[in-house]
Amino acid sequence: VKHHAHPGFDIDKPGKDTWRHAQAGSDHVVIAAPDKIASIRKLPDRIDLDKIAANFTDVDLILTEGFSRTQFPKIEILRSDWNVEPLDQIVNRVAWVTDCPGLATDLPVFSFEDIQGLADFIIRTFLE
């Protein structure tokens, strides 16, 4: 689940049927193919991650990007070329992925190349 902080994103293509249905006033448009489905729903207000997650009943794990102020566990990404400090407001941080040498932390730290190590950590921590 990708968090987009600003209202008004559009993943539909102008001129396509689903786009035309939404432009005509549909509050919920769904496109279904033999191998995938997409749903675009207008919301009257902001929806929180708990309500989004409640729609996923057939998965073992939900990965998100953003949602930094929720209570859910977080793996924070910190890149040296971003030239920023770690976010102090992050709650329930469980690990780091970074290229910053010597990050002072008691939490597990993974490099960007250590995909298997990070995957193993996620499985051990959340799925076993």
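## Salt bridges

D17 and R20 form a salt bridge, with 2.8 Å between the closest N and O atoms. The term covers a side-chain nitrogen of Lys or Arg within 4 Å of a carboxyl oxygen of Asp or Glu. Both residues sit in helix 1 (residues 17–23), three residues apart, about one turn of the helix.

The salt-bridge count comes to two. The other pair is R93 with E76, whose closest N and O atoms are 2.5 Å apart. R93 belongs to strand 4 and E76 to strand 3, so this pair ties together parts 17 residues apart in sequence. E76 is buried, at 9% relative accessibility.

## Model and overall fold

This is a predicted model: local features need pLDDT of at least 70, side-chain atom pairs count only at pLDDT 80 or more, and totals for chains, interfaces and linings use all residues. Residues are numbered from 1 along each chain as its sequence is written, and side-chain values use heavy atoms, with hydrogens and water left out.

The protein has three helices and five strands. Helices (H or I, at least four residues) and strands (E, at least two) are DSSP runs, numbered from the N terminus. Read from the N terminus, the order is α-β-β-α-β-β-β-α. Of the 128 residues, 16% count as buried. Take the contacts (heavy atoms within 4.5 Å) between residues at least 6 apart in sequence: 22% of them join residues at least 24 apart. The accessible surface comes to about 10200 Å², and carbon and sulfur atoms hold 53% of that. Areas come from the Shrake-Rupley method with a 1.4 Å probe; for residues, only the protein chains shown count as cover.

## Around L49 and T70

L49 lies in helix 2 (residues 49–53). Its relative accessibility is 7%, so L49 counts as buried. Setting aside neighbours within four places in sequence, L49 contacts V1, T64, F67, T70 and F72. L49 and T64 are 15 residues apart along the chain, and their C-alpha atoms are separated by 9.2 Å.

T70 sits in the loop between helix 2 and strand 3 (74–78). T70 is buried too, with a relative accessible area of 17%. Residues up to four places away not counted, T70 touches L49 and V91.

## Surface patches

Patches are made of residues with over 30% relative accessible area and no salt bridge; like charges are joined within 9 Å, nonpolar side chains (Val, Leu, Ile, Met, Phe, Trp, Tyr) within 5 Å. One nonpolar patch consists of L61, L63, I123, F126 and L127. Together these residues have about 410 Å² of accessible area. I123 lies in helix 3 (residues 115–127). With a relative accessible area of 37%, I123 is partly exposed.

D81, D99, E113, D114, D120 and E128 form a negative patch. For charge, Lys and Arg count as positive and Asp and Glu as negative, while His and the chain ends are not counted. The place of a charge is NZ of Lys, CZ of Arg, CG of Asp or CD of Glu. D99 is in the loop between strand 4 (93–98) and strand 5 (109–110). D99 has 38% relative accessibility and counts as partly exposed.

Methods: Buried means under 20% relative accessible area, exposed over 50%, partly exposed in between (1.4 Å probe, protein chains only).
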